[in-house]
Amino acid sequence: MKKYEILKKIQNSGVIAVVRADSEEHAEEICDACYEGGITALEVTYTVPGANKVIKKQIDKKRDEQIVGAGTVLDSVTARIAIMEGAEFIVSPSFDAETAMLCNRYQIPYIPGCYTLNEVIKATEYGCDVVKLFPGTLADPSYIKAIKGPLPNVEIIPTGGVDLDNYKDWLAVGCFAVGIGSALTKGSKDDIYQKSVKFKEVFSNNSNL
């Protein structure tokens with residue numbers, strides 16, 4: 001799959017479900033509940049035991065429009081391992097030049113965590129098409145406007161601090177998508193499914209404005 005097709009799938013999902021769990025089985029349950037509820041972009045973090053296996057199992061399911069990436073990737077070695085297991089995008093909590101170059105080599109989207117303008121500019125200079133505003137808990141939607149003032153073409157995914165109460169506000173300022181962790185993935189499988197449905201409804205309604 002070409003890089004722009006992967007990014008388009010993330011954008012079409014509107015939400016990246018950031019999957020953290022204490023076991024492979026729990027992570028798979030979260031992934032399945034999110035997908036069944038309409039969230040098709042899944043980020044399996046490397047804080048999950050056996051994250052590589054979870055990524056591969058999700059990829060092997062070959063579900064319509066599902067896109068599976070690796071999160072909390074701290075270095076290029078981990079990024080390459082994830083890509084070899086089938087990860088279709090790589091997410092980091094901060095920017096790493098070697099990881100950016102590796103992902104460019106494989107034509108895999110690299111979404112690094114950035115907060116300041118300098119960090120965003122550096123990431124884009126290394127070929128990052130989209131950056132992650134992280135930690136999003138330190139900002140609000142107005143911060144997206146502040147960044148897009150001098151950098152109108154940068155695409156941003158806020159992660160952290162996004163929930164059902166403010167999700168629409170983030171989308172309204174032109175975010176590429178949003179990353180959501182515990183506000184989406186905490187609870188029983190049914191709870192996660194129901195929240196996924198609600199997030200998808202908000203995204204669909206916002207897209208039709």
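**Close-up views of a predicted model**

**View 1. Contacts of Tyr167.** Outside the four places on either side of Tyr167 in sequence, this residue is in contact with Gly14, Val15, Val162, Val178, Phe199, Val202 and Phe203. The model shown here and in the other views is predicted.

**View 2. Nonpolar cores.** The largest nonpolar core holds 53 residues. Val15, Cys34, Ile90 and Tyr167 are the residues with the most contacts inside this core. Helix H2, residues 24-36, gives the most to the core, with 5 residues.

View 3. Ser13 lies in helix H1, which covers residues 3-13. Is Ser13 buried or exposed? Its relative accessibility is 1%, so Ser13 counts as buried, the cut-off being under 20%. Leaving out residues up to four places away in sequence, Ser13 touches Ile39, Thr40, Ala41, Lys200 and Phe203. The C-alpha atoms of Ser13 and Glu65 are 8.6 Å apart in space, while the two residues are 52 residues apart in sequence.

**View 4. Helices H4 and H5.** The axes of H4 (residues 76-84) and H5 (residues 97-106) come within 8 Å of each other and cross at roughly 25°. H4 is therefore roughly parallel to H5, since angles under 35 degrees count as such. The crossing of H4 and H5 is right-handed. On the H4 side the contact is made by Ser76, Ala79, Arg80, Ile83 and Met84; on the H5 side it is made by Glu98, Thr99, Leu102, Cys103 and Tyr106. By class, the residues of this contact are 6 nonpolar, 2 polar and 2 charged.

**View 5. Helices H2 and H3.** The axes of H2 and H3, the latter formed by residues 51-61, come within 10 Å and cross at roughly 35°. H2 passes H3 in a right-handed crossing. Which residues of H2 and H3 meet? From H2 they are Glu24, Ala27, Glu28, Cys31 and Asp32, and from H3 they are Lys53, Val54, Lys57, Gln58 and Lys61. The contact of H2 with H3 has 6 charged, 3 nonpolar and 1 polar residues.

Notes: Residues are numbered from 1 along each chain as its sequence is written. This is a predicted model: local features need pLDDT of at least 70, side-chain atom pairs count only at pLDDT 80 or more; totals for chains, interfaces and linings use all residues. Side-chain values use heavy atoms; hydrogens and water are left out. Axes are lines fitted to C-alpha atoms, for helices over the stretch in contact, and angles run from 0 to 180 degrees between N-to-C directions. Helices (H or I, at least four residues) and strands (E, at least two) are DSSP runs, numbered from the N terminus. Angles under 35 degrees count as roughly parallel, over 145 as roughly antiparallel, 65 to 115 as roughly perpendicular and the rest as oblique. A crossing is left-handed if the near helix is turned anticlockwise from the far one by less than a right angle, and right-handed if clockwise. Contact means heavy atoms within 4.5 Å. Ala, Val, Leu, Ile, Met, Phe, Trp, Tyr, Cys and Pro count as nonpolar, Asp, Glu, Lys and Arg as charged, and the others, Gly among them, as polar. A nonpolar core is a set of buried Ala, Val, Leu, Ile, Met, Phe, Trp, Tyr and Cys residues joined through side-chain atoms within 4.5 Å. Buried means under 20% relative accessible area, exposed over 50%, partly exposed in between (1.4 Å probe, protein chains only).
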